[in-house]
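Visitor: I am new to this structure. Could you give me a close look at one part, the interface between the chains, and then carry on into a chain?

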Amino acid sequence: MPDETENSSRSHYKIPVRGPLSFLVALGEDFTYTACDRLWKRGKQFWSYLQREDTQAKLQRAKVTLKSRLTPYQLEDPRNYWGRLKNTLSPAHLGLKKAHRDLSWNKISTVLLGVLMIILWNLVSPQAALLWLTFAAFFLFNWDNRVIAVATLSGLIAIPFVLFWENQVLAEQLAILVYYLLGITVLLQVLNWNSQPDKFFLKGAFWLVRKFANSFPRLSTTLALLTFSARGLFVITAILVIASGVAIVRSLHPPYEIITHQTAEQEVAFTGMAPEGTQSITVNGQLLKEYQANSPAWLYSASVAGKTMQEGFNSYKLVATSQTGRESVLARVDVTYDPHFIPPIAQSPIRFDGIEKINETAYTLRGFVPRETASLTVNGIEASNYQPFNTFWKHLLSAEKGNLKEGENTVLISAKDTEGNILGTHQLILKLENKNLITVSQTDLTEIAQQEAPAVEEQVIAELRTDLKNQGFAPQEIDELVTLVQKNDEDGVNAFLATRVPPTTPEPTPANHAAAPAEPTTASEKPAPSSQLQTPNSSLQTPNSSLPTPNSQLLTPDSPLPTDLNITITRPQYDRYILSGKSLPGTVTVRVNGTSLKKFKAGDASWQFMVNQQLGNLEEGENIYSVQLLDAQGKLIKREKLTVYHWL
Amino acid sequence: MKRHLAPLLFYTATAIAILWQLLLPGYIPLHVSGAHPQVFFEHWYEYLNLYNLLYYLLNLILPNWIVMKLLMVGLVLGTGLSMHHTLPVKRTSLRYLAGFFYVVNPFFHTRLMIGHLHVVAGYALFPLAIYFLRKLKLKNVKSWKNLLLISFLLANISIHLGYIFAAFTGLFALTHLLKKKFKKACVIVGIVALGSLLNVQIFFGKTLSAVESFNEQHFGGYATAVDPDYGALGNVLGLYGYALEPYLQHNGYLLTKSLLPFWPVLSGLFFVVALMGWFRNRKKAPLFFLCSLLFLIFSIIIATGTSSAWTSKIFIFFRDNLPFFSGFREPQKWVAFISFFLAFFGSLGLGSLLPTPRKRSEKDFLEEKSSGGSGVIFEARTRNEQWKLNRTDMRLVPQRENNIIVPATREKLIKIRTATGLILAFSIIILSNITLFGGFFGRMQPFWYPADWHTAKELIFKKSHCLNQTNCELQKLLFLPWNIYITPDFTKKTFIASPGKRFFAPIPVVQSKYMEGYNRPEDPVSDTVQRFLINPGPGQLAELAKLDIRWIVYSKHHELTDVYDYRFLEQSEFLDLIFEGKTLQLYHFDKK
């Protein structure tokens, strides 16, 4: 029977195998069956073992052990260093699991932290983003800040080693990081204390305040009243209301001038105007002996030697007394004397405010100037459309006008008052690159310009001489012209015009032949020295004898050129000139370089034509003007040709 | 007097005190708008703006100079009433204070004075929008409708204030999300987005193309003004900082800070009181208060914008990443929220500082004398008063001698302190903005256009046979000086927007749309004219002829406005001087 049973069970696995190796197959089958059967049985046994209660309890214990790795008993063992370290570094102990749980449960806060990090990462720096994120996360989820403290200490300990390896940069970065982490740790701890029921930090702060209040009762009461109470705020507001009222009234109607001055000099002097009928002036109650009755001005000097000034703040009140004994305050002078005071670098009186692009070749410069500015020049040319005494200025730079070129451009802005005194000079270095004008640098040259104005003038005169020489003027003519320019130009060196008309006596003498070659036949040829020269605005008559040529004659600006049309050149403004002349009988139209003068009407005795660079009819160097007088039929009555030289 | 009329009268009085001589007959020389006889808008979608529509409709029945005055009074009135209504307090005096501060501050001063009336209208609606936002309840459909309507109005009238409100709403919704009020957050965002997007036809008209055209130069030109002493941040906290502030001051517009050297102290005081108000009331509506504080910080940063290094990066980040944020070419508009914060929380702060008369209850009585076990109290004493039982109605009443409550010191003191506090508060607000009153401190005067302007207009009509705009398309008029702002003598030296286009309508006028020195033209017409003005030669005149320009009007006697030299007008042989008046020259440009 047993054999039958075996056979029947075997038949289930029987594989029909034939041949000489069939017995080997049968052996293998047998072995496989046996192994499977055993395994099945063992499995069943193991399952039933797992289901038993005692086994489950064991498993639970095993889980706990797996989590903490070590039993408390083992942890208490001081010799078990490795075990303790492993336990400390386990994810559960480090709080990583808590962190994971917090982050996954508070999804909105996590997203917000992420957004904050992205913003900070982009706006500030990755380092700052990480630090802020650390702080925010630890604060929001109330994590143990000792983790950061450990990181801080580790970093601190690492610094000497890094230094030892001569990696100073890394050490420095590490030090900064440690500093921030330390700050975060302390702040988190303070916030943690504050969130405790006993509010340790607040208690400490209150204890300090109480201590202070007990030590200085009156002061602390006053401070508390002023700072924290409604009454204090009312008092402050009331004071501010009164002060505002006073300030507004005083701003609108200042009772007297207040002069403030800070100096390192041991003596300072002030002056001002005294009202009519002033009999005497007192300074801080002391009679100003230097002042004589009815003088229009007063002068007061204070000095350390005279013991009228001492180190620190000094205030002088000047009071005038009239004949009737009425007193009025003239001024208050506040002087701060500090022997170590270094005067700050004076702010440029000319303020450059910016550049505005009009188009790819034209730009506007703008800025502010002092109120006293009567004339404003940019590179020697009057600023476009600047009106005297206006505080705002603008100037047009354009390639078409010829005052802007590709690459670096130096712009010298100069403001002068009505008397021609330099109020300010400002130099700008601008760069035109890729159709963009950018400011490279700006320098205030006011002091230099004020001190070295003559030197600058000399330099420009030298350049002018070279220009004149290049244009072919004779040395004596150059001298004459330069003398004229220097005499007539009160404002320093400015643009001026020299004109030449065809000589009335064309035969040059042998003496002046070398200096006065023949008239150029084309405009491109180098101009010959002038036979007639004129400088506009010349206020002085120059002796004619100084020029060697008989027909070279220096003329005053308004005196007519020796032409039939009596052409004169006047300069109402620095860069604008007016050519004018008389008309002949029968003249209906006057044309200058082909342009009919619109304002000229038949019968007018004279005509005028304005030339300047902005209009495009005046260029630096040689300019030729052809004046034609035509009658009603368009027939030419008279033609005059002028060659005008213009220098900047 | 009926109680509800009192605020109306109060804010009308404020409006009169502000406008003063500007209410006299004549045009108000506002910096950018208003000083022209006829109201019309270039594009049809401009009429979709309800403010423009109202302006246009009023102008159909009234002359523009009257309409302008009505609108300006209305705006001051509306701004005050809006804030008055929004403040959640029972004390009426605090409501007046809030409304008054919301009107009398440098931001409102600057915007009203220069004529940014759309911004002012939006500013007026802003507190109401906040009010409806706060009052939104999920179960109350009416509150939904209110919020929808105000969002629509705000975005319609002032797109900038609409954007600021939308941003505030976003933050408000976010705080709700944090508190897991998902539904309310979604409803808030949805309603405000829907209300704002109802104006989509306006956004995708001119606005979008304008926003897209803004470049670095625009942002630089309109950056918040930097105070020379206190920097951009000081300016913003003091509610100053309009981009053209130095330009305006140069042109005679007076701001109070020029008179008050310690104006930052006053700003500091307003902030202290406002923050005190925030702190002491924060538990009443924690989400709104938290949101307001965060948005205040955000507004300060954005309003400072590129004028300060530390805020520049943040501003640029938002400009580059937030949709439509680049429309804030002039970020100082965010000061509107700072002003709202100060008015709202400052009034709450003052309310918490002022003593409040306590409601007396039996608990307040310090000593009681009762009749043994009966429980009836015959006499009682509060901290300052003596009370007795009135045997007729068996109620405790204050003891009186000669019909005066015996020790009424505390009550009197409370009244005196309250009155003093309010007087001080109003005084400090008035003094810190003194130049707002009296027609902007007398700096503006009403004006009429000179007779020669009308003569020139008639001449053009007569010679061109021009009856409507399409009829005149080939006879355009070039208005000079070529700057968007000019300072003609007849406006008593006030800087106004170039009035050519509005004055000479319906003749099509070519005039500058750009302020020289701050932005530059990008359209081909302006570019051609500008090239011509740089070099007004015959060749350039031919270019000008291609634009169909037949007339040139040159307004004389103006202060420096641009860099061009207009003497070419007299010299050019192609231009015929048709008419010359005291203030104006009219040239005919012969195309041949």
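**The interface and a helix pair**

Guide: Between chain A and chain B the count of salt bridges is 0, a salt bridge being a side-chain nitrogen of Lys or Arg within 4 Å of a carboxyl oxygen of Asp or Glu. This is a predicted model, in which local features need pLDDT of at least 70 and side-chain atom pairs count only at pLDDT 80 or more, while totals for chains, interfaces and linings use all residues. Residues are numbered from 1 along each chain as its sequence is written, chains are lettered from A and ligands numbered from 1 in written order, and side-chain values use heavy atoms, without hydrogens and water.

The contact itself (heavy atoms within 4.5 Å) takes 53 residues from chain A and 60 residues from chain B. The two chains bury about 5000 Å² between them, 65% of it on carbon and sulfur atoms; buried area is the accessible area (1.4 Å probe) that two parts lose on being put together, summed over both. On the chain A side, A:Leu123, A:Phe234 and A:Lys598 lose the most area to chain B, together 13% of what that side buries.

Elements of chain A giving two or more residues to this side include helix 8 (107–123), helix 14 (230–252) and strand 22 (595–596). Helices (H or I, at least four residues) and strands (E, at least two) are DSSP runs, numbered from the N terminus. Helix 14 of chain A gives the most, with 16 residues. By class, the chain A side has 25 nonpolar, 18 polar and 10 charged residues. (Ala, Val, Leu, Ile, Met, Phe, Trp, Tyr, Cys and Pro count as nonpolar, Asp, Glu, Lys and Arg as charged, and the others, Gly among them, as polar.)

Now for chain B. Helix 8 (residues 159–178) and helix 9 (residues 182–197) of chain B pack at an angle of about 170 degrees, with their axes 8 Å apart. Helix 8 of chain B is therefore roughly antiparallel to helix 9 of chain B. (Axes are lines fitted to C-alpha atoms, for helices over the stretch in contact, and angles run from 0 to 180 degrees between N-to-C directions; under 35 degrees counts as roughly parallel, over 145 as roughly antiparallel, 65 to 115 as roughly perpendicular and the rest as oblique.)
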